[in-house]
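Me: Please take me through the contact between the two chains, and then through a single residue, with the criteria stated as you go.

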Amino acid sequence: MAEPLLRVRDLAIEFDTQYGTVRAVDGVSFDIYPEETVGLVGESGCGKTVTGLSLLGLIPKPPGRIAAGSIEFGGRDLATASEEELRTIRGSEISMIFQEPMTALNPVFTIGNQMADVLARHKGLTDSQARTEAIEMLGRVGIPSPARRVDEYPHQLSGGQRQRVMIAMALSCNPKLLIADEPTTALDVTTQAQVLEQINKLQEEFRMAVILITHDLGVVAETCQRALVMYCGKVAEQAPIEELFAQPRHPYTAGLLSSIPRIREDRPEHLPIIAGRVPDLLHLPAGCRFAARCERALDRCQTEQPELGEKTASAACFNPVPV
Amino acid sequence: MSSPLLQVEELRKYFPIRGGLLRGVKAQVKAVDGVSLVLQPGQTYGLVGESGCGKSTLGRSIIRLYEPTAGKVMLDGADITHLSRNEMLPYRERMQMIFQDPYASLSPRRTVSQTLREPLDIHNKGDRDTRDKRVRELLDVVGMSQRALNRYPHEFSGGQRQRIGIARALALNPRLIIADEPVSALDVSVQSQVLNLVADLQREHGIAFLFIAHDLAVIQHVSDRIGVMYLGKIVEATDSQTLYAHPKHPYTRALLSAIPLPEPGRKRSRIVLGGDVPSPANPPGGCPFHPRCPDAMDRCRTEIPAPRELGTPAAPHEVSCHLYD
C-alpha cells in the first residue's frame, strides 16, 4: 500500500466554555491515502466538523486549541505549524468546502474576483490569467455559460451553483486533499445528486483524496470507499464501506443504520431506535461513552474505555456485534 | 367511506412582489397554485417536494396562518376559508400545527408549563386544576419527565423541544395536525424516536396528519397518501405503496432516483436532472417541469397538463403529465 497522504495521531481538541473545558475530539487517529474518499460520519456534536477544521488550522483560538496529537502532512506537522506555513497549504495543498455556500462566499465581490484571489496568491497569476483560469474552472464544475457567470455576485446564483463555485475555488490550485464538510446538506435531493456526481468526477480528474464529513449515511454509501463513524469525540468504528453497511460491528453504527427510515415495501410500525441521548461533553462517563445507550454493554464497558484497533476494519468496542 | 376530515379545493396563495415609485404590484409569486387534496380522519397525507415548491405555504394557508388568495378549505364539511378570527376559534381547536424548528417555535421566555397551558387558557378548557392535570398528562404522552414543567426551552435538546412542540399541539385534542418538516432538524437517532411518537399518537388518538417533508424516506414511512409538489402544484398523488413502486410523473421518478441509499454497491439507474427549480415568480410556460424534464415533448412547452386519473376509484392515482394522454 502507498504511503498515507495524511496521518492523524491521537488528536485531541479542546474548547474553553463558561462551564469548564470540553474535549470535543479525544484521541482520534486515522490515515488518508492518496486519491481515496473517506467518510467522516456522525451526528451533531460528535466532533466530525471540528476534526475537519483542525486539519487546516481553522479551529478558532481562543476558545479552541489542539490539545494533543499530530497531523502529519507532506513531512510537516500541521498541529504545530505556524499560521504562515498553514496559509501556504490552505487552498493550495488542502482545500475545504463548507455546508452553506452563501456564508462561505463573500457577498460583495463577484465570483471571478474571489476566485482570482486564490489563484493570485498561490499560483502568482496576473489578473487576466486568473480570470481565464477562473472561467475554465467554472466550466469544469458544470456551471453553464461560465464567461457570463464569472462577473456575477453570489446572490445571483442558486444554492447548487454556489456550491459548485465553492468547489471550483477549492480545486483551482489542484489540492491533494479536499475536505468537504456537509457539502450537500443544504441542497435539495435532485441538486445533491448533481453535486455529488460532480465531486466524484472531479476527484478522478484531479486525482485528489477527499474527506467527506456528513451525517447522511446514504451519501457516504454512494460516494466513499471507507468511513470512520464518530461518536462523542471518538472514532467508534472504521471500515471499508461494504463491510460497514453489511456487518457493522460497533453497536452505535448498527443502531444508526437500522434507525434510518428507508423506502421499502413492508413498512414497520416502529423504527428501531437508539434509546437515550449523547452524553454531555462536560460530564463524560468513565467507561465507554456509548455504554449508557448500548444494549450490548458489559460491566467492563462502564469502567474501561475501549480502544480502536489499528486494522482497516475495527470497532472500539468490548462486545462488538458478532459477524 | 367516511366523510373527509379535510378537503382542499383549488387552493391558491399568491404573494405580491411590489416595487417602483408607488409600490405597485409588479408580479405575483404563485407559491400555491391550484392545489386540491382530501384527508380522511385518522389518516396521514404526506406532502413532499423540494425547497420552494410551496409545501409549507400550502400547510400554512390551510390552517389560515396565511390568507388564501383563492380556493376553498373545508374542515369537517364546513367552509373555513373566510371565517373571521373569532369564528375560526372553534376550528383551531380541531386543527393544530407542529413546526420545523423547535428552537424558533417555542417562546424562550416561557416555561414548558406556561407554553402547554396557553392553548387551554385561550380556549377556556376546565378550571385551574384540570388544566394543571392536563399539562402533566401531556408531558407523559410525549414521554417527558414532570421535572420539565418549570424549565425553559433552552434547557432542552432539539429532540426534546420537538416533543414539547408536539405536546402543545396535542393540548386541545385536535383531530388534525399539520406537521411542517417536524423531524428535518433532528439527528437520525432522535428523528426515529420522534417518528415513533407520532405513529403512537396517531394510533391511540386517531389524529389525522398533514405531514410536510422533503425527505422521501420519511414521507413514505409515515404516509397513507402522498402528494408530490413542484412549483406550487401537486404533480402526482396516490397511495404510498403505489407511488414508490410505480411512480408515473417524470419528476417523481427523478426525485426517487436521486435519494442516496444506505446500501453500498447497489447500482441504480439514476436520473440526474439538469438545472435548478425555476423561480415561482417567473415560472416557465406550459408544464412547470418541462425545462428539466427528460421526457419533455413540444406540447409540454405550451400547454399546462391537467390532472389525469390513472388509478381506480378504490385506489386513485392522479398525475399531471402529458405523457399519459
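The questions below turn to the interface and then to one arginine.

Reply: This is a predicted model, in which local features need pLDDT of at least 70 and side-chain atom pairs count only at pLDDT 80 or more, while totals for chains, interfaces and linings use all residues. Residues are numbered from 1 along each chain as its sequence is written, chains are lettered from A and ligands numbered from 1 in the order in which they are written, and side-chain values use heavy atoms, with hydrogens and water left out.

Me: What area is buried between chain A and chain B?
Reply: Contact, meaning heavy atoms within 4.5 Å, joins 41 residues of chain A to 44 residues of chain B. Buried area is the accessible area (1.4 Å probe) that two parts lose on being put together, summed over both. Carbon and sulfur atoms give 52% of the area between chain A and chain B, which is about 3,600 Å².

Me: Which residue of chain B forms a salt bridge with A:Arg262?
Reply: A salt bridge requires a side-chain nitrogen of Lys or Arg within 4 Å of a carboxyl oxygen of Asp or Glu, and the rule finds one across the interface of chain A and chain B. With the closest N and O atoms 3.8 Å apart, the partner of A:Arg262 is B:Glu263.

Me: Is B:Arg117 buried or exposed?
Reply: B:Arg117 lies in helix 3 (residues 112-122) of chain B, helices being DSSP runs of H or I with at least four residues, numbered from the N terminus. Not counting residues up to four places away in sequence, B:Arg117 touches B:Arg128, B:Arg131, B:Asp132 and B:Val135. Buried means under 20% relative accessible area and exposed over 50%, with partly exposed in between (1.4 Å probe, protein chains only). Because its relative accessible area is 16%, B:Arg117 is buried.

Methods. Helices (H or I, at least four residues) and strands (E, at least two) are DSSP runs, numbered from the N terminus.
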